[in-house]
Amino acid sequence: TWAGVMGDLAMRGYPALAVDLRGHGESPLGPEADFCTRALAQDVLAAARDAGVTRAVLVGHSMGGIVAMEAAQLDATSPSPFVQALVVEDMDA
C-alpha cells in the first residue's frame, strides 16, 4: 500500500492520491473487454482530474509503472496536460 508514503508526503506539504486500479485491491474488474493498460491509464487520469489535480508527478510501482507510463503519454496529448514528471519503480519488462 501507499499509506505510509502518502502520510510522509502529507507531513511535508505534498498532497497525494493513490488509485486502486480496476481489478486490483478493492476495485471490481469490470467488463473483461475493458481491462487493458490504456483503460487503466484513463482511469488514473480521470481520478486525478476528478480530484482537482492540476499538476502531478505520477509514480508507478511494478505493473503500475506500465500504467503510469501510458497515463503520462495520454496526458501529454490532452488539451490540458498536468503530468509534470514520471517515476517508475521496480518494474519488470
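Analyst: Before we start, buried means under 20% relative accessible area, exposed means over 50%, and partly exposed is in between, using a 1.4 Å probe and protein chains only. This is a predicted model, where local features need pLDDT of at least 70, side-chain atom pairs count only at pLDDT 80 or more, and totals for chains, interfaces and linings use all residues. Residues are numbered from 1 along each chain as its sequence is written, and side-chain values use heavy atoms, with hydrogens and water left out.

User: Okay, how many helices and strands does the protein have?

Analyst: There are 3 helices and 2 strands, and along the sequence they run α-α-β-α-β. Those are DSSP runs numbered from the N terminus: helices are H or I with at least four residues, strands are E with at least two.

User: And what's the radius of gyration?

Analyst: It's 13 Å, which agrees with the value near 12 Å that a compact globule of 93 residues would have. That radius is taken over C-alpha atoms, and the globule rule is 2.2 Å times the number of residues to the power 0.38. Along the principal axes, the C-alpha atoms fill a box of roughly 40 × 30 × 25 Å.

User: What share of the residues is buried?

Analyst: 26% of the 93 residues.

User: Which residues have the most contacts inside the largest nonpolar core?

Analyst: Leu58, Val67 and Phe82, in a core of 15 residues. Helix H2 (37-50), E1 and H3 each supply at least two residues of this core. A nonpolar core here is a set of buried Ala, Val, Leu, Ile, Met, Phe, Trp, Tyr and Cys residues joined through side-chain atoms within 4.5 Å.

User: What does Val67 touch?

Analyst: Skipping residues up to four places away in sequence, Val67 touches Leu21, Thr37, Leu40, Ala41 and Val44. Contact means heavy atoms within 4.5 Å.

User: Leu40, then: buried or exposed?

Analyst: Leu40 counts as buried because its relative accessibility is 1%. Leu40 lies in helix H2, and beyond its neighbours within four places its contacts are Leu21, Arg22, Phe35, Met63 and Val67.

User: New topic. Where is Ser62?

Analyst: Ser62 sits in the loop between strand E1 (56-61) and helix H3 (63-76). At 35% relative accessibility, Ser62 counts as partly exposed.

User: What about the phi of Ser62?

Analyst: That phi is positive, about 60°, although Ser62 is not a glycine. Most residues other than glycine have a negative phi.
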